[in-house]
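Please find below a colleague's note, written for a reader who is new to protein structures.

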Amino acid sequence: MPTTKTRIVATIGPASEKPENIAELIQAGASIFRISYSISPEEGEMRFNAVHEAIKQTGARDIETLQDFGGLKIRLDNTEPIKVAKGQDFILSKAEIGKGDFGAQVTNHYFWDNVKSDSALYIGDGQVALKIKKLESGRALAEVLFGGIIGPRKGVTIPGMSFGFGENIKADAELALAGAKLGFNYVALSFVENADDVKLFKKIIIDGASGYAPKILAKIETELAVKNIDSI
C-alpha cells in the first residue's frame with residue numbers, strides 16, 4: 001500500500017489517454033488515474049488498458065485506477081449558447097420554447113418533479129443562477145440572479161433536490177459491472193444520500209461480480225449527504 005498521505009489523482013481524457021502520456025504523468029507524481037464513465041465502456045476499457053501499459057513502461061508501483069460514475073443529470077435541451085443578464089426573465093419549458101419567448105427547454109422529468117415556485121437554480125458549474133418566480137404545469141418563469149453564457153446542454157442543479165440514489169445506480173449498474181471485469185481499485189458514486197445507497201451499490205456488485213471489492217468513494221454533493229455523512 002502507498003505510504004504517502006497525499007495522492008495525486010489525474011483524470012484521463014483525450015489529451016492524456018495514450019500510454020506515453022500517462023507514463024509522463026506517473027513520472028510527474030500522479031498515482032491514481034480517474035476514468036470518467038461519461039464515455040462508452042469501450043473507451044473506458046481502452047483508457048484502463050493504457051494506464052496498465054504505462055505502468056509496465058515505467059515499472060511504477062502503487063499506481064491505482066478510479067472508475068467515476070456521472071449518475072443521472074438534469075440538462076437543458078438547448079443546442080446553441082444563450083447569453084443572459086442579471087434581472088432578465090428566463091423561461092424554462094417542458095415543451096419547445098415559443099418564438100416570442102426567451103429561455104430553454106428542459107424535458108427531464110426529475111426537474112419537473114423537484115422544481116418549486118421559489119427554487120434557486122444553478123446552471124453548469126454555477127456560472128449562471130436563476131430564481132423561479134412563477135411555476136405552472138410544464139412551464140416556469142425565472143429571474144436571472146447572475147448572468148453569463150449558458151452553453152449547450154449544461155447541467156441544472158436544484159439545491160436540496162433528491163433523485164433517489166436507486167435511480168442513479170440503476171443507470172450506472174451496467175457500467176459498474178463493466179468496470180468490475182477490468183478490476184478498478186476505486187469507484188466513485190455520484191449523488192449518494194445515505195448509507196443505504198452505498199449498501200445498494202455493494203449488493204449490485206456482489207450479485208453481478210462476485211469477488212470484486214473496490215474501495216468506494218461517496219461523492220458528497222447533496223444536503224442529504226451532508227446530514228448523513230457519519231452513516232455514509
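The numbered points below discuss selected features of this structure.

1. The structure is a predicted model. The remarks that follow should be read with that in mind.

2. Salt bridges overall. The whole structure contains ten salt bridges.

3. Arg47 and Glu17. These two residues form a salt bridge in which the closest N and O atoms are 2.9 Å apart. Because Arg47 belongs to helix 2 (residues 41-58) and Glu17 to the loop between strand 1 (9-11) and helix 1, the pair ties together parts that are 30 residues apart in sequence. Arg47 counts as buried, at 6% relative accessibility, whereas Glu17 is partly exposed, with a relative accessible area of 22%.

4. Glu64 and Lys215. The closest N and O atoms of this salt bridge are 4.0 Å apart. The pair links distant parts of the chain, since Glu64 is in strand 3 (residues 64-68) and Lys215 is in strand 13 (residues 215-218), 151 residues apart. Glu64 counts as buried, with 8% relative accessibility, and Lys215 is partly exposed, with a relative accessible area of 38%.

5. Asp89 and Lys133. Here the salt bridge has its closest N and O atoms 2.9 Å apart. Asp89 in strand 5 (residues 89-93) and Lys133 in strand 8 (residues 128-136) are 44 residues apart, and the pair links distant parts of the chain. Asp89 is partly exposed, with a relative accessible area of 37%, and Lys133 also counts as partly exposed, at 43% relative accessibility.

6. Arg7 and its partners. Salt bridges with shared partners join Arg7, Glu64 and Lys215 into one network. The side chain of Arg7 is also joined to that of Ser31 by a polar contact of 2.8 Å. Ser31 is placed in the loop between helix 1 (19-28) and strand 2 (32-36). At 12% relative accessibility, Ser31 counts as buried.

7. Helix 5. Which residues of helix 5 are buried? They are Ala195, Asp197, Val198, Phe201 and Ile205. Viewed down the axis of helix 5, these buried residues fall within an arc of 165 degrees, so they line one face of the helix. The face turned away from the buried side carries the exposed residues Asp196, Lys199, Ile206 and Asp207. Helix 5 (residues 195-208) has 14 residues and reaches 20 Å from its first C-alpha to its last, close to the 20 Å expected at 1.5 Å a residue.

8. The start of helix 5. Asn194 caps the N-terminal end of helix 5, with a side-chain oxygen 3.0 Å from the backbone nitrogen of Asp196. Phe191 lies in the loop between strand 12 (186-189) and helix 5. Although Phe191 is not a glycine, its phi is positive, at about 60 degrees.

9. Arg153. Phi of Arg153 is near 55 degrees, a positive value in a residue other than glycine. Arg153 sits in the loop between strand 10 (148-150) and strand 11 (156-157). With 42% relative accessibility, Arg153 counts as partly exposed.

10. A nonpolar surface patch. Tyr122, Leu145 and Phe146 make a nonpolar surface patch of about 240 Å². Phe146 belongs to strand 9 (residues 139-146) and counts as partly exposed, at 37% relative accessibility.

Methods: Residues numbered from 1 in each chain as written. Predicted model: local features only at pLDDT ≥ 70, side-chain atom pairs only at ≥ 80, totals over all residues. Heavy atoms only, no water. Patch = residues over 30% accessible without salt bridge, like charges linked within 9 Å, V, L, I, M, F, W, Y side chains within 5 Å. Areas by Shrake-Rupley, 256 points an atom, 1.4 Å probe, with all protein chains shown as cover. Salt bridge = Lys/Arg side-chain N within 4 Å of Asp/Glu carboxyl O. Helix = DSSP H or I, 4+ residues; strand = E, 2+ residues; numbered from the N terminus. Buried < 20%, exposed > 50% of the residue type's maximum accessible area, 1.4 Å probe, protein only. Expected span 1.5 Å × (residues − 1). Arc of directions from axis to C-beta. Polar contact = N/O pair within 3.5 Å; in protein donor to acceptor, adjacent residues only side chain to side chain.
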